[in-house]
Amino acid sequence: MKKNSDKEAFTFDKGIERLEQIINDLDQNNVQLEQSLDLFGEGVKLIKQCNGLLDSAEAKVKVLLENSKGELVVTDQD
């Protein structure tokens, strides 16, 4: 149950912010190997989630074009 509420609260901005934290932590050179692997795994999951959000946003993008009759129509962006 808690997992669903965490998933609902996930946003692209929060994902990017956490990825930046992970990168900073890994750049510190004082992170143990086990913790580095955990952070790396978390980063990979965040990237997948962010890519999913970008794919959804891209699908929602519509383009307003003029058809042969001079009418404006909304089409999916390719």
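Q: Before we look at the helices, what is the expected span of a helix?

A: The expected span is 1.5 Å times one less than the number of residues in the helix. Now the case here, in what is a predicted model: helix α3 covers residues 33–60, and its 28 residues should span 40 Å. The end C-alpha atoms of α3 are 41 Å apart, which agrees.

Q: How far apart are the end C-alpha atoms of α2, and what should its 16 residues span?

A: At 1.5 Å a residue, α2 should span 22 Å, and its end C-alpha atoms are 23 Å apart, so the two values agree.

Q: Let me step back to the whole chain. How many helices and strands are there, and in what order do the elements run?

A: The protein has three helices and two strands. Starting at the N terminus, the order is α-α-α-β-β.

Q: How do I read burial along a helix, and which residues of α2 are buried?

A: Start with the general idea: an α-helix has 3.6 residues a turn, so residues three or four places apart point the same way. In α2, the buried residues are Gly15, Leu19 and Ile22. Looking down the axis of α2, these buried residues fall within an arc of 60 degrees, so they line one face of the helix. Asp13 and Asp27, on the other side of α2, are exposed.

Q: Which residues of α3 are buried, and what do they pack against?

A: Ser36, Leu39, Gly43, Leu46 and Cys50 are buried in α3. They pack against α2, which covers residues 12–27. Read from the other helix, what covers the buried residues of α2 includes α3.

Q: What share of the residues counts as buried, and how much accessible surface does the protein have?

A: Buried here means under 20% relative accessible area. Of the 78 residues, 13% count as buried. The accessible surface comes to about 6,800 Å², and 53% of that belongs to carbon and sulfur atoms.

Q: Which residues form the nonpolar patch on the surface?

A: Phe12, Ile16, Leu53 and Leu54 form it, with about 280 Å² of accessible area together. The elements that give two or more residues to this patch are α2 and α3.

Q: Which residue just after α2 takes a positive phi?

A: That is Asn29, with a phi of about 65 degrees.

Key:
Residues are numbered from 1 along each chain as its sequence is written. This is a predicted model: local features need pLDDT of at least 70, side-chain atom pairs count only at pLDDT 80 or more; totals for chains, interfaces and linings use all residues. Side-chain values use heavy atoms; hydrogens and water are left out. Helices (H or I, at least four residues) and strands (E, at least two) are DSSP runs, numbered from the N terminus. Buried means under 20% relative accessible area, exposed over 50%, partly exposed in between (1.4 Å probe, protein chains only). Contact means heavy atoms within 4.5 Å. Patches are made of residues with over 30% relative accessible area and no salt bridge: like charges are joined within 9 Å, nonpolar side chains (Val, Leu, Ile, Met, Phe, Trp, Tyr) within 5 Å. Accessible areas come from the Shrake-Rupley method with a 1.4 Å probe; for residues, only the protein chains shown count as cover. A salt bridge is a side-chain nitrogen of Lys or Arg within 4 Å of a carboxyl oxygen of Asp or Glu. The arc is that of the directions from the helix axis to the C-beta atoms.
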